[in-house]
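Dear colleague,

I am passing on the structure we spoke about, so that you can look through it yourself. My notes on what was found in it follow below.

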Amino acid sequence: MDSVPLHHVWQYTDVDRRFWEEHLEPWVPARVFDAHTHVNEPELRIEMMTDEKRRQYWVNEVGEPIGAEAAGHCHATVFPGREFSCLAFGFPMLEYDIARSNARLQPECVRRGWHRLAVVRPQWPAEQVARELDQPNVLGVKVYYALISHDPTTRDKHLEASIFDFLPHHQLELLNERRAWVTLHVPRTGRLGHPENVAEIRQLRRRYPHVAVVIAHLGRCYTLAHAKESLPRLADDEGLHFDISAVLNPEVLRFALATLGPERILYGTDNPIMYMRGRQQWQGRTYVNRTSYPFYFNRDREPPAVEAGYTLYMYEALRALRQACDELGLTRDQVEAIFHGNARRLIRGIGFA
Ligand SMILES: [Zn+2]
């Protein structure tokens, strides 16, 4: 069969169809809820991407925005025969017109039956955040340290910020009142296990117990070493949830499921980034992203025969999740909860049907 254009430079090919048939078709549940996906109309990028910037930072080469129409096409392509829905939000970066991106995504979510998180800056007064939460299908907010202030050369200027620098108390009071959802990408080089992150998340949970906190990317634990030093420290807080978006490592997924329990884990992709082809490899506390497209950053390539077998990152992530679930002997009900039920339970807790 022919390749189908997916997104950016990526195609959906026979390799992907075979991978789906072999590893995923018999296992992925009938209903899929992607709790972490970025949808942002490309024309709302206000600072143009240049070749110079693409050469500076690898994410600039892969992070092309995807609009709602194209996102819908991709969902139908990569999840054939599945009832799909998602929690969508824009790119949380000041290269985009955040307010207009929120406004543009809103009617798309209502029309398509998706839910939305509003991307909010920490400087926004509570009334401005409240106006976002007042709209239909909006569950809460997506916050990020890159929204503190703009630096065109890096996304990590505020990497060492406190969580409360980009998720401030005046917003948390409102979010607590509204029982809103917050997807939290933790700061700091030490990732989730950094003592200040653990202390701040505990403080946040104590002071604002009604906020539905979802830690993105398992707290950025992409290696087993990071997972082991982080996840046990928050395992006792049963109200804390985690999305597994962008986690491709089966050992990390297995450890997370065993440590936190499957009822606190939400499936998510981090698309459109995970339409990238290739695989990730891990060693100790580091990892390398392998891919087949001749990006500037992609200098250390694998042999052509290996690259020819690459599938989508999101399919590698699904196979890793399957492996972890199989090894732990999870029941079908538990697998379905990860893909759908846990998110639905959280959504009901916010007061949505
Ligand atoms: Zn993301």
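Leaving out residues up to four places away in sequence, Asp2 touches Tyr12 and Arg17. Please keep in mind throughout that this is a predicted model. Asp2 belongs to the segment before β1 (4-7), and with a relative accessible area of 63% Asp2 counts as exposed, because the cut-off for that class is over 50%. Between the C-alpha atoms of Asp2 and Ala337, which are 335 residues apart along the chain, the separation is 34 Å.

**The zinc site**

Three residues coordinate the zinc ion, namely His36 through NE2, His38 through NE2 and Asp270 through OD, at 2.1 to 2.2 Å. Read along the sequence, these donor residues follow the spacing H-x1-H-x231-D. His36 lies in strand β3 (residues 31-38), whereas Asp270 sits in the loop between β10 (265-266) and β11 (278-283), so the pair ties together parts that are 234 residues apart in sequence. As for accessibility, both His36 and Asp270 are buried.

**The largest pocket**

The largest pocket holds about 920 Å³ of space. It is lined by 37 residues, of which Tyr57, Trp58, Val59, Tyr222 and Tyr287 are the closest to its centre. The elements that contribute two or more residues to this lining are β3, α3 (58-62), α10 (217-220) and β12 (286-291), and of these β12 gives the most, with four residues. Sorted by class, the lining has 20 nonpolar, eight polar and nine charged residues.

**The largest nonpolar core**

In soluble globular proteins, nonpolar side chains tend to be buried together. Here the largest nonpolar core has 117 residues, and the members that touch the most others are Trp181, Leu218, Tyr267, Met314, Tyr315 and Leu321. Helix α14 (residues 313-328) supplies the largest share of this core, with nine residues.

With best regards

Notes: Residues numbered from 1 in each chain as written. Predicted model: local features only at pLDDT ≥ 70, side-chain atom pairs only at ≥ 80, totals over all residues. Heavy atoms only, no water. Donors = N, O, S within 2.8 Å, 3.2 Å for Na, K, Ca; no water. Buried < 20%, exposed > 50% of the residue type's maximum accessible area, 1.4 Å probe, protein only. 1 Å grid on protein atoms, 1.4 Å probe; cavity = no way out; pocket = protein on both sides within 12 Å on 5 of 7 lines; lining within 4 Å. Points joined across faces, edges and corners; volume = space filled by probe spheres on them. Nonpolar A, V, L, I, M, F, W, Y, C, P; charged D, E, K, R; others polar. Core = buried A, V, L, I, M, F, W, Y, C linked by side-chain atoms within 4.5 Å. Contact = heavy atoms within 4.5 Å.
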